[in-house]
Structure formats: C-alpha cells, structure tokens
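Please read it with the structure open.

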Amino acid sequence: MTSLERVSTSIQFKEPDRVPLFLPLSAYGAKELGISIKDYFSDPKNVAKAQIRMRKKYDSDFYFTLFYAAVEVEAWGGGAIFNKEGSPNAKRPFIRKFEDIKNLVIPKVKESPSLLKVLQATQMIKDIAGDEAPIVGVIVSPFSLPIMQLGFDKYIDLIYEQPELFNILMKANQQFSIEWANAQIESGATLISYFDPMSSPTIIPRELYLKTGYKIAKQTIANIKGPTATSFASGRSLSILEDVAKTGTAAITAIETEDITEVKKLAYGKLNVIGNLNGIEMRHWTEKQAEEKVKDLIARAGSGGGFILSDHHGEIPWQVPEEVLKSISKAVNTWGKYPLDWVKDYEYKQ
Amino acid sequence: MDIDKKTRKIFEQGLISLNRVKVKDIIQELNDEWTPSDIVDNLITPVLGDIGDRWEAGEVALSQVYMSSIITEELIDSLLLTKTPIKSHPKMAIVVLDDFHALGKIIVYKALRSAGFVLEDYGLGASVDQLVRRTNDDDVKILLISVLMLPAALKVSELKRSLPNVKIIVGGAPFRLDKQLANEVGADEMGTNAFEAIEIVNRLTSKVK
C-alpha cells in the first residue's frame, strides 16, 4: 500500500496494512539539512527537500508543510522571532488597542511573501511526490489567531467584554483563513490541519465554545475545499468531541492525559483520532521506552482503523533525537501491522 | 475560626461564573468581622488553590482561572487594601522568558497580589542576559518564570547558573507536560497551575531572607 492508500483506508474506519504514522516535523527540517532555522525557512526548496528526506528516513505517512504558526502573523503585519533550536515565535502582538480591530486590513494570501513560500514548498512536494502520501497543510483557526494578534489575556478580555469587536475580528479572520486554506489545497495540500487550541476545554468552557469557536469552525470548515483535521495543541478534547464531530472536520487530536481508549470509542465512525505521544518527554526516551509507548498506544487505539499514530501537540520538538524518531517508526512497523492479533493477549499498562 | 465551607463554595462559584456582584457582597459581609489578612488567608488563597486544582482536573477552563485572578485582584484593590502589602517578604519578580504569551504570568501575578504579595513585573520577551542584569540590579531574591515553549524552558538552566543565589520558580506548558523538566533545568520549584504559586511563595518566603 502507498501511504495515501494506507491513510485513506484508515480514515474510512477500515484497517489498512498497518497503523499510519504521522511525525509532524517542521523546524526539525533545518536539523536534517544542517542549516540554521532562519536560513531553512528563507527558501521553500529547503523545506521541500527536507520533507522528502525525512518522510523516507522515518517511514512517516505524511508530508507536513507547516513552516511555523507565526507565518500567518507575518502576513498580517506582525513579526516572528527566530530561535536557534525551536520553531520561530510570534513577536509582540500587533493589535495594541481593541479599537484597532475596526481598521484591520485583511492580507491577501497571494501577495504575502511569508505565505507564498509555504505555497511554493507545497507545490514542490506535490510535483516530486505526486500522490504517494498525503500533504498536510496547516491554518491557525480564525478563533485561535487572535492569541498571536492580540495576546491571550487581551483576547479573553475581548471575548467577554467586547462582543461587537470580537465579531468584527472573527469575520476578518474567517475571510483570511478560508482563502489561506484553499490556496494550500490548490497548491497540492491533501488535508488541512485546523489548529484551534482556543476551542479546547483546557482554555474555555464548553458553554463559551458552543457560542464561539464551534460556530466559527462550522462556518470556516464548510468553506474549505478539502478535508480537515482539528488540532488542539496539547489541549483537552474529550468533553467537546461530539460537538467537534458536527463541525464537519474529519479528525481530532488526542492528548496524553486523556484516555485514548475513551476518545477512540466516542470518536469511532465520526472522527479519526490522531495522537497522542508526548513530544516533550520523547526527548529522553530509550528505544525500549519508545517501543513500549507505541505498542501500548496501538493496543488502546489501533483496532478498526480510524487512528493515526502521532504526537499530541502537532509539532515534534527540535530536541527530540533522531534515534527516538527511528525507534517510534520501527515500533509502528513491528506492532502496527493489521490485523492486530497480539492485542487480545496484551497486558495494558496503568 | 475558619470561614465556613458554604461561603467558600459560593465565593468559588461566583468567581468561576464571573459574578463580580456576588463575590463583592461576600467580601463586604466578611469585612465587618475579619481582617484583610484573614480574608486573604482563609478565603481567597484556598479558593484560588481549589480553582487551580479543578483546572488541572479538567473541571474548569483557563479563561475562568484568568478571570478569577482578575476579579480577586480587583477585590483586593477596591475593598481590602491599598497598595500596601499585608505580607513582608524578600523582593520578588515575575517574567515571561523569551516570548510574548502573557496569560500565565498575568494569572500568577494577580493571584500573588490577591494573596498579599507585592512583586515586580518584568514583562514579556525577556532574554536571559536582560533578566540577569535586572534581577541583580533590583536585588530580587525570588524569580517567577513563565514559559510557553520548550526552547524557552531550557534557557532556565543558563539563568540559574547566572543567578545561583536567587530562588527560581517555573511554570508553563512544557513543565506541565514533562514533570522532570524543572529538575532538568535546575529550577528550585515548579507550579503545575498558576495558583500553586501562592503555596510555593508562602513556603519560600519563610526560608529566604
């Protein structure tokens, strides 16, 4: 089976040849090429080259075209700070006063240099790799983008205290996000990761999510011309899973601290589950620990398809050694081949 | 004499549901027979602690934790105290290291203010060098550091080497996701939720001169 066939089978809640593996490696590509992160992202050829190499190296089933979340902020006129050993961060939020929201200029995707690089990298991967594996593009959801536009604290104030300005901002962000998602699909992305940490019950209560993030997700996803997977970036999802299923998304991420068996059970038939290895702890795993974690995860969530093994945040940290990624891949190949007959005799770890 | 459980529960519910009127009423009633210090120690601090625990357990959301800290700081400022601290303690400061995500810092800052502490706010996006200079210039003895991303968390080890006599308390997502990380970077203490900072600072201020 090709990776595309493997993933396509799994997302239809059938068992392919093995559990699909998704290692979301973004700034990590700079390490692969032995260049600085700033240099890496300055040329889309670097990203395309690294993605092709890393997918082969780690036997992952996806290409991942996320540069860094702040690439969208750059399009809006904000900035990014480049680190030596990690993804670039957004600079100080560029909306300084709530009233500035009324005068926001919505960036045009095809006129934004930072976004054009992502589109070029996507196109290059598509030209080289064709349909052998899905290409995953990323958008920060309209509802989560203000975390970088305004700052987390001011954004919560806006939601509670300035509903009119909140609505104006959401309208502007939705227009941008839909254009951005569709531009990536036109360039060759198979699936869009809808990055929406603000909607997680870790951040806002469900009652507020239903009035805000849920509605925005439903409207936005309906206008994206391809499938989406909703990611909460290490945030909880179980208590809103049924709601997320109604937004039109095809998949949901799961975190380590929520019972993946329960997530899978609730999601099965409605949403694919992606997760849930802890990327921060991963830095110190031995080969044996990586194998145990992977095996346990497959035992809990692999049966019946509808599951993609991945990390729980949406980006593997720079600090994770290559050997750990290879160990994860080896373990998926060892334990992830369907049918998972060994699971019936497996002793679950507490 | 303790403030009764029912009052504490109603106060907690008032904070979580952002009912400023309800919580203000409770404080005003208690103001008649309790000192500000007693209200802070027997109501505000333990209730914020409960809210922090409930956030960790997934029962309340971070936005409710944030708004609770805003409301309790408003109460402290308007009803209980002027800017005069009710606790005496070594000099403290709080900062976001390396990036601009302020939420965790704001919650901890307001929680500590609500508990009667006064601390310098060193803002956002501080580099290690800037922080070392400022901490030494201000003779800070306890430094609270909030981070969102792993690379920033790893810089704490460099900070600790440069400030060996300063107690460093860390908090933020990377430390919650990897419980060994705080030890790895040499932090003195780690808070898994913002309101744990109150308990940690209470403990440290009795030891640090």
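1. Sheet of chain A. In this predicted model, chain A has an open sheet of 7 strands in the order β1-β4-β5-β6-β7-β8-β9, with parallel pairing. Two strands are taken to pair if DSSP finds at least two bridges between them. Strands β1 and β9 (307-311) of chain A are the edge strands, each pairing on one side only. Helices (H or I, at least four residues) and strands (E, at least two) are DSSP runs, numbered from the N terminus.

2. Conventions. Residues are numbered from 1 along each chain as its sequence is written, and chains are lettered from A and ligands numbered from 1 in the order in which they are written. The model being predicted, local features need pLDDT of at least 70, side-chain atom pairs count only at pLDDT 80 or more, and totals for chains, interfaces and linings use all residues, while side-chain values use heavy atoms, with hydrogens and water left out.

3. Pairings within the chain A sheet. Strand β4 (residues 135-140) of chain A is joined to strand β5 (residues 191-195) of chain A by 5 bridges in the parallel sense. In this pairing A:Gly137 stands opposite A:Ile192 of β5(A). Strand β7 (residues 251-253) of chain A runs parallel to β8(A), with 3 bridges between them, and A:Ile252 stands opposite A:Val273 in β8(A).

4. Strand β8 (residues 272-277) of chain A is mostly covered, with 6 of its 6 residues buried. Buried means under 20% relative accessible area, exposed over 50%, and partly exposed in between (1.4 Å probe, protein chains only). A:Asn276 is in strand β8 of chain A, and the peptide bond joining A:Gly275 and A:Asn276 is cis, with omega about -10°. Another cis peptide bond joins A:Tyr338 and A:Pro339, where omega is about 0°. A:Pro339 lies in the segment after α15 (322-335) of chain A. Both sites can be checked by eye in the model.

5. The loop holding A:Asp59 and A:Ser60. A:Ser60 is found in the loop between α4 (44-58) and β1 (63-64) of chain A, and A:Asp59 is in the loop between α4 and β1 of chain A. A:Asp59 has a phi near 55°, a positive value in a residue other than glycine. A:Asp59 is partly exposed, at a relative accessible area of 32%, whereas A:Ser60 is buried, at 3%.

6. What does the side chain of A:Ser60 reach at 3.4 Å? It reaches the backbone oxygen of A:Leu21 at that distance. A polar atom of the A:Ser60 side chain also lies 3.4 Å from the backbone nitrogen of A:Leu23. Leaving aside neighbours within four places in sequence, A:Ser60 is in contact (heavy atoms within 4.5 Å) with A:Ser3, A:Leu21, A:Phe22, A:Leu23 and A:Arg55.

7. Chain B. An open sheet of 5 strands in chain B has the order β2-β1-β3-β4-β5, with parallel pairing. Its edge strands are β2 (120-121) and β5 (189-191) of chain B, each pairing on one side only. Strand β1 (residues 92-96) of chain B and strand β3 (residues 142-147) of chain B run parallel and are joined by 5 bridges; B:Ala93 stands opposite B:Leu143 in β3(B). B:Leu18 has a positive phi of about 60° although it is not a glycine, and is partly exposed, with a relative accessible area of 22%.

8. Extent of the interface. In all, 30 residues of chain B are in contact with 31 residues of chain A. The two chains bury about 2500 Å² between them, 61% of it on carbon and sulfur atoms. Buried area here is the accessible area (1.4 Å probe) that two parts lose on being put together, summed over both. In chain B, B:Phe100, B:Leu150 and B:Leu177 lose the most area to chain A, together 25% of what that side buries.

9. Chain B and chain A share 2 salt bridges, each a side-chain nitrogen of Lys or Arg within 4 Å of a carboxyl oxygen of Asp or Glu. The side chains of B:Glu184 and A:Arg283 meet in a salt bridge at 2.8 Å, N to O.

Note on methods
A polar contact is a pair of N or O atoms within 3.5 Å; within protein, one must be able to donate a hydrogen and the other to accept it, and residues adjacent in sequence count only if both atoms are side-chain atoms.
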